[in-house]
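Have the sequence and the model open as you read.

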Amino acid sequence: MTTDTLVPFAEALERYEPVIGLETHVELGTRTKMFCGCTTTFGAEPNSQVCPVCLGLPGSLPVVNGTAIEYTIRIGLALNCTIATWCRFARKNYFYPDMPKNFQISQYDEPLCIDGWLDVPVGIERVHLEEDTGKSLHVGGVTGRIHGAEYSLVDYNRAGIPLVEIVTKPIAGTGAAAPDVARAYVTELRGLVRALGVSDVRMEEGSLRSDVNTSLSPRGSGRWGTRTETKNVNSLRSVERAVRFEIERQAAVLDAGGRVIQETRHFHEDSGTTTSGRSKEEAQDYRYFPEPDLVPVAPPADWVAQIRAALPEAPSARRARLQAEWDLSALDMAALSNAGALDLVAETVAAGASPADARKWWLGELARQANEMGLELKDLSITPAQVARIAELVASGALNDHLAREVIEGVLAGEGDPDQVVAARGLVVVSDEGALNAAIDDAIAANPEAAAKVREGKVAAVGPLIGAVMKATGNQADAARVRQLILDRLS
């Protein structure tokens, strides 16, 4: 827990201008590691996916994973980058307790992809390829970090997995929107990488994580302040919170006449705060030199062109297309995206539902059910095809909205597909005119004042009569049909 003094966010922005930047690491979804044939299955038994190459044993030689090169080029092209015609790997020498070679094979001054942009808009400085480290587990203590731990364990399964680092250019001029811009960038980047099919980008599993850089300068000074680097932030909400907290903390330091220290910082999910890691005020001598065991990488122009031609539709372009096809406002499309419902609605439409019906059920009853269960929409045990079938039953008059909600409950409870739930629960709209007319007669007799108002032309007074009929039929009547029958009777 931090003891830092903070300045309220709005007050900090009155005096200081933030500049942010993000270094986002993406574990590629290749079958094997970057320089060896070890598999990359998440959650495997510790140290079960290792070999002499990824353990750095004497005499072992790395071999470049060609799929990782292709995936990185795919990311670079999607980010509008220039793809290098010639580049090479380098050794980055520094002690990592969870990197068994004590150096990392990375790219230094010759990255594979440079100078692009993302539609947020944010400029991309570079996209380069390297190998991931292992994972340290610090046992004992209260923070889960090495300080105060009783002992540490190391799992080398992750060491050597292909890791792409995407570095933004400095993002200035965002003002109070800086936390939102940071979150929007990582959100859009995650969606883009997922659409490319090169990573599962599961932040909770560490396959996408961001280092968040934040600095403040006195408003109007024309200069940038000293930045901090909050490491390995692994959720969209935490990216936003890390920027906000650092703005409030750094403003307090500057207000007190202090100096912001250039350092790495740790983000704490429970409190939304950051604490000091290691200082970066002195230049680190990583002693980069070209990796002697690997030949340079020179992607042929025709191969890059083939990769470009095979790129899927970008998420931003897809949203624009669907918004036009479905005749939605920008706010409607934003609501779909923010709810995580866009793909589900698209798949429901593809299964035969209208865009309006698909949106209605996913953003209505299904969103309510997901909220009650504490789940994401995509994790509900109902498929877009099943939702499309429910919409079809409603459109045909076989179900009304109330019965459709019961069908949804049954599907979610594992009672089968929509038709099976309808049959098992006996959910069918009452369409027998005799039964409906009898219920209407009873409703009129029980609500004479409402009936009199309807006879006088006050159509809005029909509500209690409809409600009485629906109650009498166990909500299994078509409310629109009931309304029309009542109006016909009282006209």
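Leaving aside neighbours within four places in sequence, which residues is Phe-89 in contact with?

## Around Phe-89

Keep in mind that this is a predicted model. Once the neighbours within four places in sequence are set aside, Phe-89 is in contact with Met-34, Phe-35, Val-64 and Ile-69, then with Ile-105, Ser-106, Gln-107 and Leu-129, and finally with Pro-290, Glu-291, Leu-294 and Val-297. Phe-89 is buried, at 2% relative accessibility. Phe-35, one of its contacts, is buried as well, with a relative accessible area of 5%.

## Aromatic pairs

Searching the whole structure turns up four aromatic pairs. For Phe-35 and Phe-89, the ring centres are 5.6 Å apart and the planes sit at 85°, so this pair is edge-to-face. Phe-35 is in the loop between strand E1 (16-27) and helix H2 (66-78), while Phe-89 is in the loop between strand E2 (82-83) and strand E3 (90-93), so the pair ties together parts 54 residues apart in sequence.

The tyrosines get a look-in too: Tyr-94, Tyr-108, Tyr-286 and Tyr-288 are linked into a cluster by ring pairs.

## H3 against H6

Back to H3, which packs with helix H6 (residues 315-325) at an angle of about 95°, the axes being 9 Å apart. So H3 is roughly perpendicular to H6. On the H3 side, the contact is made by Glu-188, Gly-191, Leu-192 and Ala-195; H6 brings Pro-315, Ser-316 and Arg-319. Sorted by type, the residues of this contact come out as three nonpolar, two polar and two charged.

## A look at Glu-125

Is Glu-125 buried or exposed, or something in between? With 40% relative accessibility, Glu-125 counts as partly exposed. You'll find Glu-125 in strand E6 (residues 122-131).

As for Val-193, its C-alpha atom is separated from that of Glu-125 by 17 Å, with the two residues 68 residues apart along the chain.

Note on methods:
Residues are numbered from 1 along each chain as its sequence is written. This is a predicted model: local features need pLDDT of at least 70, side-chain atom pairs count only at pLDDT 80 or more; totals for chains, interfaces and linings use all residues. Side-chain values use heavy atoms; hydrogens and water are left out. Contact means heavy atoms within 4.5 Å. Axes are lines fitted to C-alpha atoms, for helices over the stretch in contact, and angles run from 0 to 180 degrees between N-to-C directions. Helices (H or I, at least four residues) and strands (E, at least two) are DSSP runs, numbered from the N terminus. Angles under 35 degrees count as roughly parallel, over 145 as roughly antiparallel, 65 to 115 as roughly perpendicular and the rest as oblique. Ala, Val, Leu, Ile, Met, Phe, Trp, Tyr, Cys and Pro count as nonpolar, Asp, Glu, Lys and Arg as charged, and the others, Gly among them, as polar. Rings of Phe, Tyr and Trp (its six-membered ring) pair if their centres lie within 6.5 Å; planes under 30 degrees apart count as stacked, over 60 as edge-to-face and the rest as tilted. Buried means under 20% relative accessible area, exposed over 50%, partly exposed in between (1.4 Å probe, protein chains only).
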